[in-house]
Amino acid sequence: MSFENFIQEKGKGFPAKTYIFGYTDDLFCTEALNLLKSTLDKDNIAFNFDIHDADDSERPFIVGNLIDTLNTHSLFAEKRLLVVKNVQKLKKKDSEVLKRYINSPSPDSILLLFFKGDLKKQKKNAFDGVAFIDLDLKKSEIQEWIKERAQKKGLVLQREVVGLLADFFGEDLSTLNNELEKLSLYGKSEITADDMNAIPYGSKTYSPFQLTKAIVSSDKTRALKIYNTVRESGETVMLLGAVNWQLSQMGAGDKEKALALHKCFEMLLETDVVLKTSGYDPSLDRLILMLQRILRRG
């Protein structure tokens, strides 16, 4: 996994003089820093360790002071390790000063830069030649990350639960981590799809599974009743993900339904795009009726 590269470099004592770690989800920056704080004292390599934030209004970041510290030999440790968060916030002139240090770094210091955003599109030239590690997970790694994360919390997740969590929260791993924490407090070590469904929506009366089944069975009255109950305690984007996931499971290997399901997925995708780009939370009443009509014909 991508985060494993950070762990590997740390295990080697960060052999490069400067690193830049890219991320889009704050969870990975927080975890990397917590890992450093919790383990540096246990490692054989002694560091002077300090964290700076280029976006801290209370403690203004001055790049000249940072470089002076990096170039000053420590009397109390073999090496200094300095972290700078939010380097994407650096002004152009500060980036240029930092670049000059990167080109001629101190042999007694290690500089770890944390960059939130797409480094390829922002300030790439300022960090040419710096060892780069992307902390974010690739889409193909999310389900494995969920299983490992759950295991650390003492949970065993059924395959359906892993798939649902990945579909619901795969684009927001901080929220996904919170949901796993919520599941760990549920009082069960093995979590089923019904368990997982009851927790995010706050109600065991109805679930997105029941909604999808009502849609597929063309029970318009029941589908709308379930939807109006479920939407009160859950986010629309989660509901869309649940319906999308359940339809994909129902249609697996069914060639006769493939065309109808394809149309359903297109409608779900269009609604999801509207929700995420406009911030408008649409009523799904019409969508539910259209899905029923398509599936009935298919």
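Student: Is His 52 buried or exposed?

Tutor: In this predicted model, His 52 is found in strand E2, residues 47–53. Its relative accessibility is 14%, and the cut-off for a buried residue is under 20%. His 52 therefore counts as buried.

Student: Which residues is His 52 in contact with, leaving aside its neighbours within four places in sequence?

Tutor: One of them is Leu 82, which is 30 residues apart from His 52 in sequence. In space the two are 7.6 Å apart, C-alpha to C-alpha. With the neighbours within four places left aside, the contacts of His 52 are Arg 59, Phe 61, Leu 66, Leu 82, Val 83, Val 84 and Lys 85.

Student: What is the length of the polar contact that joins the side chains of His 52 and Asp 50?

Tutor: A polar contact needs a pair of N or O atoms within 3.5 Å. The side chains of His 52 and Asp 50 are joined by such a contact, and its length is 3.3 Å.

Student: Where is Gln 292 found, and is Gln 292 buried or exposed?

Tutor: Gln 292 belongs to helix H13. Its relative accessible area is 3%, and under 20% means buried.

Student: How does H12 run relative to H13, roughly parallel or roughly antiparallel?

Tutor: The axes of H12 (residues 258–278) and H13 (residues 285–297) come within 9 Å and cross at roughly 165 degrees. Angles over 145 degrees count as roughly antiparallel. H12 is therefore roughly antiparallel to H13.

Student: How many residues of the contact of H12 with H13 are nonpolar?

Tutor: On the H12 side the contact is made by Ala 260, Leu 261, Lys 263, Cys 264, Met 267, Leu 268 and Thr 271. H13 brings Leu 287, Met 290, Leu 291, Ile 294 and Leu 295. One residue of the contact is polar, one is charged, and the number that are nonpolar is ten.

Student: What is the crossing of H5 and H7, left-handed or right-handed?

Tutor: The axes of H5 (residues 142–152) and H7 (residues 173–184) come within 10 Å and cross at roughly 35 degrees. The contact is made by Ile 142, Trp 145, Ile 146, Arg 149 and Ala 150 of H5 with Leu 173, Leu 176, Asn 177 and Leu 180 of H7. The crossing is right-handed.

Student: Which word describes the direction of H5 relative to H6?

Tutor: The axes of H5 and H6 (residues 159–169) come within 9 Å and cross at roughly 120 degrees. Roughly perpendicular covers 65 to 115 degrees and roughly antiparallel begins over 145, with the rest counted as oblique. H5 is therefore, relative to H6, oblique.

Student: What percentage of the residues in the protein chain is buried?

Tutor: The protein chain has 13 helices and seven strands. It holds 298 residues, and the buried part of them is 46%.

Methods. Residues numbered from 1 in each chain as written. Predicted model: local features only at pLDDT ≥ 70, side-chain atom pairs only at ≥ 80, totals over all residues. Heavy atoms only, no water. Helix = DSSP H or I, 4+ residues; strand = E, 2+ residues; numbered from the N terminus. Buried < 20%, exposed > 50% of the residue type's maximum accessible area, 1.4 Å probe, protein only. Contact = heavy atoms within 4.5 Å. Polar contact = N/O pair within 3.5 Å; in protein donor to acceptor, adjacent residues only side chain to side chain. Axes fitted to C-alpha atoms, helices over the stretch in contact; angles between N-to-C directions. Parallel < 35°, antiparallel > 145°, perpendicular 65-115°, else oblique. Nonpolar A, V, L, I, M, F, W, Y, C, P; charged D, E, K, R; others polar. Left-handed = near helix turned anticlockwise from the far one by under 90°.
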